[in-house]
Amino acid sequence: MNKTLLAAAAAAAFGSFNLDAAPRYINVSVMQWNLHIAIDMTYRFNIKAQADVINKFNPDVIVLNEVDKNCPRTGYVDMTKELATLTGMCFSQFAAARVIPPEGLFGNAILSRYRMEMVGSWLIPAAPDETRGMTLVKICTSNPFLLAITHLNFRNTPEENLLRVAAVTKIDELIKANNPGKLPVVLTGDFNCYPGSDPVNKLAELGWTLEKPIPSFPSKKPVSMIDHLYRETADNRVEVADRIGVDEKIASDHIPVINKLRIYRNNERK
């Protein structure tokens, strides 16, 4: 077949494609996990065990807190790169929130089977003796969406509670300022605060819905609901079908949480 006929055949095939036949939504599984810098509950650096847990559940996207890069305390390992290799994830993104002398970095990471585009990474309000961050990426599925990851202050004091409120206010501002295409958004991470707390109530006031709290800490007997997932309340294109805590007591001081998402086409979810 000559080039002209090939072009004509391709054009005919493209023209006959029915957009209405495309799925109303896609399923995306997102695992979130505070890795405790890959130090397990026997106090060993054990990134292979953490990769084995991830591989067992085979998520599409992995959101990670407490990730080291080139830090002496974890053997100068680039944990994001190592986990990407061990899990076969094609795309990865590390965002530092803190410098660990002499040249190490500490922060959050995202691994994905889908192509990702970095939107931005910012520092957010935090205690004077530490830094915290929020990272925003575009997950390029057939129904693209934005994924935000953060990790807030942990101390249970009135001062740090106010900082967490300031941090979530800043996160909301950053997401809304950096979503010109108005894509659906999922916000996740270790918030170090409970349902009903001031930061959670502030997010509700700003238009975010907390989805099915899961006890995730400490891993040996999870009782604290601090690893959260939010969606924008007014946006019906994200549905959280389920959140499941993984029974994993050794690999980290948190258990992983698997989020079963449905990402709908514009105006398709009624």
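Helix H4 (residues 158-177) has 20 residues, which at 1.5 Å a residue should span 28 Å, and its end C-alpha atoms lie 29 Å apart, so the two values agree. The expected span is 1.5 Å times one less than the number of residues in the helix. Helices (H or I, at least four residues) and strands (E, at least two) are DSSP runs numbered from the N terminus.

This is a predicted model, in which local features need pLDDT of at least 70 and side-chain atom pairs count only at pLDDT 80 or more, while totals for chains, interfaces and linings use all residues. Residues are numbered from 1 along each chain as its sequence is written, and side-chain values use heavy atoms, with hydrogens and water left out.

**Helix H4 and its packing**

- The buried residues of H4 are Glu160, Asn161, Arg164, Val165, Ala167, Val168, Ile171, Asp172, Leu174 and Ile175. Buried means under 20% relative accessible area, exposed over 50%, and partly exposed in between (1.4 Å probe, protein chains only).
- These buried residues pack against strand E5 (116-124), E6, strand E7 (145-151), strand E8 (185-190), helix H5 (198-205) and strand E9 (208-210).

**Nonpolar cores**

- The largest nonpolar core has 21 residues, and those with the most contacts inside it are Trp33, Leu35, Leu64, Val67, Leu83 and Leu111. A nonpolar core is a set of buried Ala, Val, Leu, Ile, Met, Phe, Trp, Tyr and Cys residues joined through side-chain atoms within 4.5 Å.
- Two or more residues of this core come from each of strand E1 (25-34), helix H2 (47-57), strand E2 (61-69), helix H3 (79-87) and E4. H2 gives the most, with four residues.
- Leaving aside neighbours within four places in sequence, Leu83 is in contact (heavy atoms within 4.5 Å) with Leu35, Ile47, Ala51, Ile54, Leu64 and Leu111.
- Apart from this core lies another, of 20 residues, among them Val168, Ile175, Leu183 and Phe191.
- In soluble globular proteins, nonpolar side chains tend to be buried together.

**Cavities**

- Two cavities of 30 Å³ or more are found in the structure. On a 1 Å grid over the protein atoms alone, a cavity is a set of points where a 1.4 Å probe fits but cannot get out, and a pocket is an open set with protein on both sides within 12 Å along at least five of seven lines; lining residues have an atom within 4 Å of a point. Grid points are joined across faces, edges and corners, and a volume is the space filled by probe spheres set on the points.
- The largest cavity holds about 50 Å³ of space, and its lining consists of Ala97, Phe106, Gly107, Asn108, Thr131, Arg132, Gly133 and His151. Strand E4 (104-112) and strand E6 (132-139) each give two or more residues to this lining, with the largest share, three residues, coming from E4.
- By class, the lining of the largest cavity has two nonpolar, five polar and one charged residue. Ala, Val, Leu, Ile, Met, Phe, Trp, Tyr, Cys and Pro count as nonpolar, Asp, Glu, Lys and Arg as charged, and the others, Gly among them, as polar.
- The second largest cavity holds about 30 Å³ of space and is lined by Gln93, Phe94, Ala95, Asn108, Ala109, Ile110, Thr135 and Ile149. Strand E3 (91-100) and E4 each supply two or more of these residues.
- The lining of the second largest cavity divides into five nonpolar, three polar and no charged residues.

**Largest pocket**

- About 420 Å³ of space lies in the largest pocket. Among the 22 residues that line it, Phe154, Arg164, Asp190, Asn192 and Ile226 are the closest to its centre.
- The lining of this pocket comprises seven nonpolar, eight polar and seven charged residues.

**Backbone and loops**

- Most residues other than glycine have a negative phi, and most peptide bonds are trans.
- The peptide bond from Pro101 to Pro102 is cis, with omega near 5 degrees, and Pro102 lies in the loop between E3 and E4.
- The peptide bond from Phe217 to Pro218 is also cis, with omega near -10 degrees; Pro218 is in the loop between E9 and strand E10 (227-232).
- Tyr43, in the loop between E1 and H2, has a positive phi near 70 degrees and is exposed, with a relative accessible area of 74%.
- Lys182, in the loop between H4 and E8, has a positive phi near 55 degrees and counts as exposed at 54% relative accessibility.
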